[in-house]
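Dear colleague,

Please find below the structure that I am handing over to you.

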Amino acid sequence: MSAGEHWFAHDGDTLWHDKRRVQLLGIDAPELSQACFDAADKIWPCGRYARDHIRHLLAIGDVSCTIEGKDRYDDDAGVCFAGSIDLGRDLVKHGLAVTDKRAPRYLAEEREARIAKRNLWAGSFVDPGEYRRGGR
């Protein structure tokens, strides 16, 4: 799967390529409906920010994915790029996703975002996995 084909970001860690779903490996982004709190304790739509960040990168074009397996829903799971930008790494680096605890790839980027207090790390948020399990 590569350039010149239609890509769409459903949320911060799920891409659609035609009718195929690709889960970004190594990250867990906030759910679309998820809200977070910034440093001033103001609520912000962190799930939508993550999705919009990926959509912006996809607009660059030249999207490619290296599929490494399947996720729990039997959809493709892999590392995807827009040009030379690793989408998962970029989201974690900007504090718009956390490292997937089951397959941590981007620990250095998460540490950097946390120290710099970028986005999620500026205030408080519920871990996306916990949020999905109802921990709101």
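Helix H3 is followed by Lys-117, whose phi is positive, near 55 degrees. Please bear in mind that this is a predicted model.

Within H3, which spans residues 107–116, the residues Glu-109, Glu-110 and Ala-113 are buried. Viewed down the axis of H3, its buried residues fall within an arc of 100 degrees, so they line one face of the helix. These buried residues pack against helix H2 (87–93) and strand S10 (98–99).

The largest pocket has a volume of about 430 Å³. It is lined by 21 residues, of which Gln-23, Asp-71, Arg-72, Tyr-73 and Arg-102 are the closest to its centre. Strands S1 (7–11), S3 (20–24) and S4 (27–28) are the elements that each give two or more residues to this lining, and the largest share, 3 residues, comes from S3.

Among the residues that line it are Asp-28, Arg-72, Lys-101, Arg-102, Asp-127 and Arg-133. The elements giving two or more residues to the lining of this second pocket are S10 and helix H4 (128–132). Its lining divides into 1 nonpolar, 2 polar and 8 charged residues.

Arg-72 and Arg-102 deserve a mention in both places: they are among the residues closest to the centre of the largest pocket, and they also line the second largest pocket.

With kind regards

Conventions. Residues numbered from 1 in each chain as written. Predicted model: local features only at pLDDT ≥ 70, side-chain atom pairs only at ≥ 80, totals over all residues. Heavy atoms only, no water. Buried < 20%, exposed > 50% of the residue type's maximum accessible area, 1.4 Å probe, protein only. Helix = DSSP H or I, 4+ residues; strand = E, 2+ residues; numbered from the N terminus. Arc of directions from axis to C-beta. Contact = heavy atoms within 4.5 Å. 1 Å grid on protein atoms, 1.4 Å probe; cavity = no way out; pocket = protein on both sides within 12 Å on 5 of 7 lines; lining within 4 Å. Points joined across faces, edges and corners; volume = space filled by probe spheres on them. Nonpolar A, V, L, I, M, F, W, Y, C, P; charged D, E, K, R; others polar.
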